[in-house]
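Please look at the structure below with its domains, strands and chain contacts in mind. The paragraphs that follow go through these topics in turn.

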Amino acid sequence: MSRIIVVTSGKGGVGKTTVTSNLGAALAKVNRKVALLDADFGLRNLDLLLGLEERVVYTALDVLAGDCRLAQALVKDKRLNGLVLLPAAQNRNKEAVSPDDMKKIATALAKGYDYIIVDCPAGIELGFRNAISAAKEALIVTTPEIAAVRDADRVIGLLEAEGIHKISLIVNRVKPKMVEDNKMMSVDDVLELLAVPLIGVIPDDERVIVATNKGEPLVIGDHDCLPANSFMNIAKRLEGEKVPFIDLMSENDNILSRLRRIFGG
Amino acid sequence: MCLRNNLITLVYGMVADPQLSLDLPSDTPFSPLVETYSQIRLKREDNRLFLVLPIQRELEQELSWTQLWQELKHYLQGREKSWATGDSVSLIAQDQLLDVQQLQTIAEILEEVDLVLETVVTTRRQTAVAAATGGYCVEQNKLSQLSLTPDVRTQEATLAEPLYFNQTVRSGVELRHEGTIIIFGDINPGGMAISAGDIFVWGRLRGMAHAGAKGNRQSRIVTLQMDFTQLRIADSVARYPKFLPKSAEPEIAFISEEGISLAKAMDFAKTHEFSELKAVWLDRQ
């Protein structure tokens, strides 16, 4: 039984596409067949982050128009066996496809792949409705900022109204030092408000940006680092494994901060 | 004394001016905060279940179809199930224009909560035709004959039966009800509950709550933890004071002589009484 998962956030720029690309690669690394579906028509980025831009020939729109077969449009990732991308069209906008079209594509992909991961555009308009139309589960990406959390809350409400109840949360770009100093919302604060199960915490890290610019998901390239491990852990948790969360706080753990924690500083 | 009167700022005359003028209105005899709103509601009358849609011509803006079905879904899924599986429903479509497919969608939404759409009551000919095509019983009424569209003005005094809402009101959700609202969950920031009666939040109130939205100053808001962005009771507005620490105890908000005040919810019934004369809650001591 394949799983169709949408990665969404409401707010833009919180790391949906980064999460999609890394999660796709991480799942492929544990020998799953993964199809990534870019639903951000008109503003496609997923191919860039995967470094597959120059190999895109057909897009999802060509498949829908009958100009090519689905298998022809899929771009295979040469570095990882089992990872493919169905690119969005860049020259059109969101109105070019309907929720039914997306459903058709996702259902067709589900026949050959274990995971279909849909990269949702920002916002809650047609693009969002397209992206979630086929999904059975959702991963909400948020950063520990009130605007991102507020939008995530809105999106969770919309997903629940659409009957998608299997929702997990990824908190991206956490800065343990700032949380320690009480300058940033902690993961617990976010969880307390959104009240959906946590599936991953990703620390803020320059290497993520470097990897993005190189067009190589972190879990493929510079994979022996904290953020890459975080992505691998999310993949394992999706697979049903119980993986304990990495204690980000331990990195700047010293006697002073411990004392501060004890005395409620 | 645990009363925290006086601590909440009261803002008068916050008026949405339809002319979009920047001048402040000098006197506001009627605050638009106290609105007579139309909304979707499910009610039982003589053992028949009715799903009532808002009347299009009474709405300020046109209610789009997407909005309508989204609200319908939220409303039905959050509602405490007070019906048996397979109960049939009459849709009071009022003057809403609905086509066959839209009626089909409404039937599907009802099906998700184990209800069956049976009859469509409408004042529009086209909707009646669509309903007949879709295979539903049709009752086409002239405007004046609709038993379930009571004149709002004559109905003002009576409240609808309480609405029991069984999930958290998330950002962007606006829960409206013409009676008391009971929420088993939080009201998150950006979420809203608007009630003609009282509001009970069995959780944290972090968003906005408007009790007595039709002008009843006796209405109260009770929650396990007050942490709201804004409170409204009748035509008064209050925001959370910046430096007031959160109370660990359940609190109640009501209109006192100083405006909207907070008190410990536990003792309120014993310590306060409503003065009809002044239209405020007074401390008995």
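In this predicted model, the C-alpha centres of domain 1 of chain B and domain 2 of chain B lie 30 Å apart. The bounds, which come from an automatic or database domain assignment, are 41–152 for domain 1 and 156–283 for domain 2. Six residues from domain 1 of chain B and seven residues from domain 2 of chain B make up the contact between them, where two residues are in contact if their C-beta atoms, placed from the backbone, lie within 7 Å. On the domain 1 side, these are one nonpolar, two polar and three charged residues, with Ala, Val, Leu, Ile, Met, Phe, Trp, Tyr, Cys and Pro counted as nonpolar, Asp, Glu, Lys and Arg as charged, and the others, Gly among them, as polar.

Strand β11 of chain B covers residues 199–205, and five of its seven residues are buried (20 or more other C-beta atoms within 10 Å of the residue's own, all placed from the backbone). Strands here are DSSP runs of E with at least two residues, numbered from the N terminus, and two of them pair if DSSP finds at least two bridges between them. β11(B) runs parallel to β9(B) (residues 179–183), to which three bridges join it, and Ile199(B) is the bridge partner of Ile181(B). Five bridges join β11(B) to β13(B) (residues 221–226), also in parallel, with Phe200(B) partnered by Val222(B).

Between the chains, the contact takes 12 residues from chain B and eight residues from chain A; the chain B side has two nonpolar, eight polar and two charged residues.

Residues are numbered from 1 along each chain as its sequence is written, while chains are lettered from A and ligands numbered from 1 in the order in which they are written. Because the model is predicted, local features need pLDDT of at least 70 and side-chain atom pairs count only at pLDDT 80 or more, whereas totals for chains, interfaces and linings use all residues.

Technical notes: Buried ≥ 20, exposed ≤ 12 C-beta atoms within 10 Å, placed from the backbone. Helix = DSSP H or I, 4+ residues; strand = E, 2+ residues; numbered from the N terminus.
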